[in-house]
Structures are given as C-alpha cells and as structure tokens.
Amino acid sequence: MSIIKTTRADKVLLLICIFLSLYSFAYVKEAMPKGTEVRIEVDGKLKYTFPLNEDRTVEFNGVIGTATVEIKGGKVRMTEAPCPNKVCIHQGWIENGAIICLPNKVVVTISRPDHSKGPDAISG
Amino acid sequence: MQSADKYRIAILASYALALHGFEALIPTPIPWLRLGLSNIITVITLFFYGIKPALTVTMIRIVLGSLLLGTFLGPGFFLSLSGGLAGTISMCIVMTLFPGLFGPLGISLIGAFFHNIAQLLTAYLLFVRKIEAILVVFPFLAVAGTVTGAFNGIAAKYLIQEIQKKQIIP
C-alpha cells in the first residue's frame, strides 16, 4: 500500500466544506418560512390579527395611551406611542420577531397562523 | 472470511466501541452533538482493509454501542444507525469511484457530511416532521460536521502513517 498523505483534493474539499457550512447559515435564514400574520396584543390579550401582506395603519388604545402601528410592504413598525423612551418606535421596521412596548403593554408579533400542538423536541 | 480477518475486525470494532463509549461521556453544548471519534477507526479500516470490513466494524460498533449505552432501538439508535451507515457507505463509494484522489482528511469530511444529512433526514421522517426545525439545525450541524470531520480525518491520517512506518498491522 502506498504512503497515505493529505492530497490537494483533501484541502480543496476542506475549504469547500468550511465555505458551504458557513454559507448555509445565510441560506437557511433566507429559506425560512416567513410569518404571514401580524398580531397585536394589549395587556396580554390578543386585540387584532392582520395579514402581513395588506398595507394599513392601525390606531388603538394601549394601557397608558394611543399607539399607532403601520403595516407596509410586508414590514411592520410602531409609528406613535405614548411611552417615555420610544424604544418601540426606534426599533423601526421589522420583518419577523416582535416589537414590544413595555410601558404601554403592547406586543406586536409577526407569526404564522398555524399553531400546531406538537412536542417541542424529542431527545434520545 | 479468514480467521485472521475476523480477529482484525473484532479488534478494530472494539477500538471503535471504546471510542464510542468514551465520547458519550464528554459533555457537549448540544445534547445530540457528538464528536464521531469512532469514525477514525472506520476510516483506518477502510484504508487498510476496504469496504466490507469497514461496514462490518461500523455495524458492530452501532449495535453493541447502543446495547452498552442503553439506547438500543430508541430514537438515538435509529439516528446513529442511519448516520453511521450513510457515512460509511458514502466513504466506500468515494473510495471506489475515485481511488487515491482523497486522503483520510477528505474521506472523513465526506463521511461526516453524509452522516449529518442522513441523521437530519431520519429525524425529519421519524420524529420532527417540521422542515423549519430541520433547517434551523442544519447550519450548526454542517459546521460541527466540518470541524469534527477534519479533526477525525487528521487523526486518522497520523495513525495510518504511524502504522505504516512501524510496519504494524492493526
């Protein structure tokens, strides 16, 4: 048997593996199914549900005052809020995740309509 | 099969089994993340003895390993079985189709990659049924597979070179 060593093909394959595995992070983020529903909760109770693909502006009452949420082009932002620090407004447009205004107890989330009640995980 | 071959397969399988049991003791940040150290033995077997012994060693390692760790026929067993077989078979195919093109490093990387693909597929078909969950896990597994595959491949290379230098046959 000939002497075994690391070949050029090995090194090329290693580089390809490193590149592909790092690239897959970006790829998977793109390929993830996106949320389609905007849910607005006030003080823990679901107040409105809107489809993400219809542009609209909603004004509603929070716990300490009136808040305005804008849905436009598949993105959501808080445009007006009565809270002192305006963290929710400064968050700007979001495509997924949530905007949370603590003083006003308003939670805006982008989610998918199905809420299947399966197990969270199975470990072996 | 010659009795000398049986003896070698038994020795190699017990090395693989020992590494398999040893790595189950090593804590990892994610519970199902494993180093795949026993793949070092699979690669060495493949380079010295070829396809059939490599598959035999893998099968012995998976079945006996799961019996020893108490996971036989549990969810982890099927993940281990599909991953182990896919990894070994893919390494065998590449060794047969492109003899001499890859050294232990490349072969080990290929094995690690298909091991992960098969495990994700099994997890999807048997347990999770949610493509998002598989997609979220995939990049982490791919990175882990590259790191452990490269580490195991380099370890296998040094072991093979030592064995050749010292003229000892495992």
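Me: What describes the packing of helix α1 of chain A and helix α5 of chain B?
Reply: In this predicted model, helix α1 (residues 8-31) of chain A and helix α5 (residues 104-128) of chain B pack at about 35°, their axes 8 Å apart. Axes are lines fitted to C-alpha atoms, for helices over the stretch in contact, and angles run from 0 to 180 degrees between N-to-C directions; helices are DSSP runs of H or I with at least four residues, strands runs of E with at least two, numbered from the N terminus. Local features need pLDDT of at least 70, side-chain atom pairs count only at pLDDT 80 or more, and totals for chains, interfaces and linings use all residues. Residues are numbered from 1 along each chain as its sequence is written, and chains are lettered from A in the order in which they are written.

Me: Which residues of α1(A) and α5(B) meet?
Reply: Among them are A:Leu13, A:Cys17, B:Leu109 and B:Phe113, where contact requires C-beta atoms, placed from the backbone, within 7 Å.

Me: What makes up the contact on the side of chain B?
Reply: Chain B gives 30 residues and chain A gives 22; on the side of chain B, α6(B) gives the most, with 13 residues.

Me: Why is the radius of gyration of chain B said to agree with a compact globule?
Reply: The radius is taken over C-alpha atoms, and the globule rule is 2.2 Å times the number of residues to the power 0.38; for 170 residues a compact globule would have a value near 15 Å, and chain B has 16 Å, so the two agree. The C-alpha atoms of chain B fill a box of roughly 50 × 35 × 30 Å along the principal axes.

Technical notes
Two residues are in contact if their C-beta atoms, placed from the backbone, lie within 7 Å.
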